[in-house]
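This report describes a protein chain and the ligand beside it. Please look at the sequence and the structure before reading on.

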Amino acid sequence: MIILKGVSKQYGAIVAVQDVNLMIPSGSIYGIIGRSGAGKSTLLRIMSLLERPDTGEVYYGINGDERVDTLRGKELLMKRRKMGMIFQNFNLLGSRNVAGNIAYPLEIAGMSQKQINRRVDELLDMVQIEDKRNMRLRELSGGQKQRVAIARALAAKPEVLFCDEATSALDPKTTRSILNLLRDIHDQLKITVVLITHQMGVVRAICDDVMVFDDGRIVEGGTVKSVFTSPKTEAAKELVYA
Ligand code: ADP
């Protein structure tokens, strides 16, 4: 479970996140939706411990009682290895081929070459690109690149997979195939998936619960069905009826 208590973050005069309280249950697919500039990425960076909040607390753990925003040094590094992230622009290493990208976090974790090769094969199989093992990134389509990024994000067996606009650069058909893959992986690994997007269709296709973020605040939240069938705030209506 991930819990945020009174989390705020400011950049100079810009308040990106204001006093956010949130609980994300373990094993759920949780959507965070909002227009561009609402503060979603900032919230995700705080949740994934890439950034510290100015005020507030972040907790992990089965009972949500493991405080993590105060972690430093090696402990922070170990915790971060238990989180996977994927992004709109894939963030892959152009100098490495497909297998090399997936192997990268395993090399950093100090795994033996034999173990790495076995794990890379498992991951290629999981994201269904076994035949692309030795290809260069420039030979891949956007959807295939995102599959490589998903495999890399899952390499170290994370507890949470954070997706930051992961399908926003893809065409509708590829978006559907990546969302199906994410759902299959979620069902298979029982991993928690936190997904931020400005696309309502993405939330509708894959999320259990959703929260609408606007101007650095949660303005609405609940099951996808409840938010879709009766959006209450202007921000939610704008997204639902877009
Ligand atoms: P979203 O992901 O919803 O598009 P962001 O979290 O990226 O929103 O941004 C929220 C606000 O915070 C924006 O006004 C943005 O310009 C600002 N912001 C985000 N990150 C930084 C940063 N590192 N430095 C300065 N301003 C930032």
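## The ligand site

A backbone N or O atom of Gly-39 lies 2.9 Å from an oxygen atom of the ligand. For Gly-37, a backbone N or O atom is 2.7 Å from a ligand oxygen atom. Lys-40 takes part through its side chain, where an N or O atom is 2.9 Å from an oxygen atom of the ligand.

The residues that surround the ligand, each with a heavy atom within 4 Å of it, include Tyr-11, Ile-14, Arg-35, Thr-42 and Arg-45.

## Basis of the model

The model is predicted: local features need pLDDT of at least 70, side-chain atom pairs count only at pLDDT 80 or more, and totals for chains, interfaces and linings use all residues. Residues are numbered from 1 along each chain as its sequence is written, and side-chain values use heavy atoms, with hydrogens and water left out.

## Two domains

The chain is divided into domain 1 (1-70 + 177-242) and domain 2 (83-157), with bounds from an automatic or database domain assignment. Their centres, taken over C-alpha atoms, are 26 Å apart. The contact (heavy atoms within 4.5 Å) takes 13 residues from domain 1 and 11 residues from domain 2.

## The surface between the domains

Together the domains bury about 970 Å², 84% of it on carbon and sulfur atoms. Buried area is the accessible area (1.4 Å probe) that two parts lose on being put together, summed over both. Ile-178, Leu-181 and Ile-185 supply 45% of the area that domain 1 buries against domain 2, more than any other three residues.

How values were computed. Polar contact = N/O pair within 3.5 Å; in protein donor to acceptor, adjacent residues only side chain to side chain.
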